[in-house]
Amino acid sequence: MPDNCILEMRGIEIQFPGVKALDGVDFFLRAGEVHALLGENGAGKSTLIKCLTGVNKKDAGTIIFDGKEISPTSPQNAIAMGISTVFQEINLCPNLTVAENIFVGRKEFKRKVINKRAQELMKRFHLDIDVTRPLSYYSTAVQQMVSIARAVDIQAKVLILDEPTSSLDENEVQLLFSVMRDLKAEGLGIIFITHFLDQIYAISDRMTILRNGHLVGTYDIGELTKFELVSKMIGKDMEAIFDMHPSEVKADASTMLNADHIGAPGAVHDISLAVKQGELVGFGGLLGSGRTETAEMIFGANHITKGKMEIKGKAVDIKKPFDAIMNGIAFCPEDRKRDGIIGDLSIRENIMLAVQARKGFLHPLSRQEQNELADKYIKALAIATPDAEKKIGELSGGNQQKVILARWMATQPDLLILDEPTRGIDVGAKAEIQRLMIQMCGDGVSVIFISSELEEVIRCSNRIVIMRDGAKAGELVGPFDGNTQNRILQIIAGEEVGA
Amino acid sequence: MSQKSHGSNQSLISRIMNPKYIMVYATIAIFLIIYAFGAIVYGDVGFTTLRTFVNFFTDNAYYGISAVGMTMVLITGGIDLSVASVASLTGMLVAFGYTRLGISPVIMMLFSVVIGVGLGTLMGAAIHYLNVPPFITTLTGNFLARGVCSLISRESITIEHPLIDKLAGFKITLMKFSEGEWVKIKPVTHINLNVLIFVVMIIIGTIILQHTRFGRNVYAVGGNEQSAKLMGLPVGKTKVAVYAINGFCSALAGIAYLLVVKSGWNMALQGGELEVISCAVIGGTLLTGGVGYMIGTMFGVLLKSVIPALITFNGHLNSWWGKIATGALLLLFIVIQRAVVTYTDKQKAK
Amino acid sequence: MKKKSSLPSILCFVLAVVCLLVGVGVIRFGGAGARAFLDRQAVAFIVDAILLVVAGVVFMLMAQGKFTIPAGIAKSKITWAVVAELLILLVCLNIRIDFFSISFQPSTGMLYGSLIDIVNRSAEITIIGMGMTLVIALGGTDLSVGALVAVSGAFALKLLRWDPSSVEYGTPGDYTVYPLIVVIVVPLLVCLLMGAFNGVMIGQLGLQPIIATLILMVSGRGVAQILTNGKQFTTLYSPFRWIGQGSLFFLPTPIIITIVVVALVMLFVRKTAFGTFVESVGINRSAARLSGINAKMVILIVFAITGFLSGISGMIYSSRIMSNDSNNAGLNYETDAILAVVIGGTSMSGGKFSLTGTIIGSLIIRTIVTFVYYFGVAAEATMAFKALIIAVVIVLQSEPVRNAMAKRAQARAQATMSTVKGGAAA
């Protein structure tokens, strides 16, 4: 056991219906260190955190905290023991003042006292703000700091920061880091989860990597290069399952989409992009690099304020999703639950929705047409359901994703944009969705494929566009070899200017 | 960081300029504008006298008392449609109890307060534990109270009791110190018991909301119930308590109304719940929850009184213009609220 | 396999026999009054006996595991509404059988009776309820419907009586100043526009439905009063009387109007894709938008329809009283309509809706009122009855209760399954 350990998690196992989310994971946190927890989506990071904060129950393993074995039952319980968590989503009350947010539900409540203490606390965080103003008055960064302040001020010994930087700009990140350093110096153990590789190297002392619910290893920060780190996160064992390769783009293929220096304020400043008929273009880049925002711009969910867009050689002005649909564009959004499924409606209704929206409600599809449509795609996409009348909300994530895909395939689009279609679904469904994508390209549909998993982007795409900080950082044309991943990572890391 | 400012040495100005008070300021400003308008146009016929001003309080005191509880309910993000019926039931219980059963009005008043609090608690529990929408729950409560009221009596029951007369007749005559002695203000201006209760309730409500742990929880629940739960606050207890308090306020409002009309009537104060809600909303309380101040509600009540007063002073306009003016006022306020919300969102985006 | 019966089924059969014996006159007890009551109610007892036999058979089959209530029916919220309505009617039947009597009056060419009356008088709420169902499916509420009823009536009376050339109101009589078509169409269009105003504020400006419609609720009656100078006018114009008091196909006209409106709304909602669009926007507005649905337009149309339907209700109401009443026309219609929708099983949080459920909800509300009138209970006490029945229905429909019942039903089904299997094995 490493010395000075404040938290030991040994042999943690968590079983979800059908999958083992965590399988014998060990995790040690020292007092006074920043420990990065890394892995792809679905690797088990958040499950491990949820186990530690009492949201999920562990099926096996022990947690020793501050010398005693514990088994937290709820987030409150964990907080009471000294394990505080700050989530990416801010769990505070926007209408309360900064001071009230830090102290609500605690012993002190007199205005004068809490205002004074909050002011001191914020000073410690290098923030000179008026703590008597409502939280909603301040930027997300400040709100994030306030939630950290609340977490820390409850005599925490372990602080978990789950993606705290995803909505912060560079200066704000630096501010957060200086706070983290102070807290570290005070002997707090900090678990830091982030998608930004640079930040890991900037602030962390050690890191633990998870993959598919297994522990890959724990390393000192100097031990691994960025590239080695990413390879360990991605792993190579997936390749055997997916032996699929994109079909060739015909030499005489016409241009489907031509975007010329498009941008929208606050999201993406400059993207130029051409997609040929039957071409599969992958988007690489980190979370928040502008991939989703670009897709939303093309689809009209975000209004373009700069640049021009052409579809099949004709200039188009897409103001809302409906315009995009009329121009043959389809879009599977990233957040399936929030933007994709209509939970209480049946599979049939969910599938026919976009086709119906395009026709307008006055030209309804007959029940028979709807049934045919639904049955066709349930069969083609192998959606696991007894019939088309089951509510989509009752399906598994992978099947929901297939229904959303079916919704868009039914519109017979010329250009299909898929934003993280394989996130959070099991390996089998993943492979099927990739197969469908490639098959559609063979049929002459152009596809833009966005994924955080570089491996699948490289394997499926004809061409890869790499994004960084809201702009295109580079573009690589296939066929790809073993060295491609390396090059993409270098472009993402800013070490090489893309071709 | 752009928000860096004058934080540590909190000047009075910065405290007053706190953006969370903006809606209250809007209410007060609009009240002052309308008042100034009245003063200019009808100043010569007595609009500016202290009596006219005190009458703004007197006219709608019972709505004001009820609005104190309603403000709390709205801050939690709920709504209570039962207040007017509960007030009506209170009047009926006291009048019936004394006139027909010969029970002392004091006992009946206490009894009806118990009924009000009990019904409030029940509704709060249904809302929180059964997850029935507040709108439906309190609408059912509304029907229940109104129905029981009608079961007791279908006619108006007049109450004549020395205590009621004494309470209703209680008044403080305002004096001023002039030329070495206290003289009555001209025209003679009284403050009656209802106005006193109203003002005291506003003060108590302010203390509860601003200076107690419970008050803080009320705001937190309305701001984000999920977060409040995660912060370990007693969400359920807070919600139930707020409806119970509102039941108390409704009963008290019923007593105040009884002192005005000196009778119980099953159809009294019909539609009053929406008057009460609109007082709170005009006073800057957000129906989405989380925002609202007692002082704003008080000015909301005053605004409700000043419009009919203007129409009376005008003498030519019909009273129904009051309804349209109230509607227009509501529209104005929600548009201002919307603009404020959009503005703060934009500020934050920067 | 051994025949199994259950206690409830035995109880049902015993009671059925008793009822039957009372019904055919074998059992008689009590004094002359009781005997007269039993004689009068004979048919009711026979009906009870039949229902009890049916219930007994169902209980028995359920105990044997041969029959389970289909999950669709057990889970449906409409089931409770239907059961409630039937139970109320059953109570009526057993108190006074002539509650169910329907007679034909040749002079008016119309059928009369409490049942007819229930349907007739529920017309206003049912018609508004069609629009309110869609509003609630969007996750909103419309508080302005009652005020629009008043506006519609005031406008109609103004057009019937107000002579623009002399700018005066004539004396009441069997005449109209403007042709009937104008008297009907103009107020309806005004209500449509007022509904659209709600829709714009909610869809385009993004205001909360409750507060946005509160504006028209408060000021709508003021508008109605200004239209008619705050006075109440009466008319004797007979074609106008026909709308609320006439008859068609032996039925009161309001019933026919209701049937037509319900049919049109159902056609519009279910035969076009509009219903699905409404549900989509109500369940997940963001996803609906990204699927290409114009959510703002859907909201606008729904509120405009609701305004229009309120106008129709107002027309029926003012024809019933042959007058305008800016203070009382449509009073509390908003709450009655919302209740009808909620009792009918549409959730206040939006999403899936049931127009049929709303009709049943509206009938329940009216049945309670008619029941109270018919049996001479204080009319105002209706409210208390309403509250109790609504409270029961709503508690039964509430999430925790339904979840608990679903769990119990599941456990019981499993238990019977295992006993049946056990029995078969033996």
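Trainee: In which sense do strand β19 and strand β20 of chain A pair, and over how many bridges?

Mentor: β19 (residues 463-468) and β20 (residues 471-477) of chain A pair in the antiparallel sense over 6 bridges. Two strands pair if DSSP finds at least two bridges between them, so the 6 bridges qualify β19(A) and β20(A) as paired. Helices (H or I, at least four residues) and strands (E, at least two) are DSSP runs, numbered from the N terminus. This is a predicted model, in which local features need pLDDT of at least 70, side-chain atom pairs count only at pLDDT 80 or more, and totals for chains, interfaces and linings use all residues. Residues are numbered from 1 along each chain as its sequence is written, while chains are lettered from A and ligands numbered from 1 in the order in which they are written.

Trainee: What lies between β19(A) and β20(A)?

Mentor: The two strands form a hairpin with 2 residues between them, and A:Asp469 in the turn has a positive phi of about 50°. A:Arg468 has A:Ala471 in β20(A) as its bridge partner.

Trainee: Why are β6 and β10 of chain A said to stand at the edges of their sheet?

Mentor: The sheet is open, with 6 strands in the order β6-β7-β8-β3-β9-β10 (chain A) and mixed pairing. β6 (83-86) and β10 (214-220) of chain A each have a single partner strand, so one side of each is left without a neighbour in the sheet. From one strand to the next, the twist averages 20°. Within the sheet, β7 (residues 158-162) and β8 (residues 189-193) of chain A pair in the parallel sense over 5 bridges. One of the bridges joins A:Val158 to A:Gly189 in β8(A).

Trainee: At what angle does helix α5 of chain A run to β6(A)?

Mentor: Helix α5 (residues 140-153) of chain A lies across β6 and β7 of chain A and runs at about 175° to β6(A). Axes are lines fitted to C-alpha atoms, for helices over the stretch in contact, and angles run from 0 to 180 degrees between N-to-C directions.

Trainee: What makes chain A as compact as a globular protein of its length?

Mentor: The radius of gyration, taken over C-alpha atoms, is set against the globule rule of 2.2 Å times the number of residues to the power 0.38. For the 499 residues of chain A the rule gives 23 Å and the radius of gyration is 24 Å, so chain A is as compact as a globular protein of that length. Chain A has 17 helices and 20 strands, and its C-alpha atoms fill a box of roughly 65 × 50 × 50 Å along the principal axes.

Trainee: How do you know that helix α6 of chain B has close to its expected reach?

Mentor: The expected span is 1.5 Å times one less than the number of residues. Helix α6 (residues 105-129) of chain B has 25 residues and reaches 35 Å from its first C-alpha to its last, close to the expected 36 Å. B:Asn131, which follows α6(B), has a positive phi near 60°.

Trainee: How many residues of chain C are in contact with chain B?

Mentor: Two residues are in contact if their C-beta atoms, placed from the backbone, lie within 7 Å. On that basis 39 residues of chain C are in contact with 34 residues of chain B. α10(C) gives the most to this side of chain C, with 13 residues.
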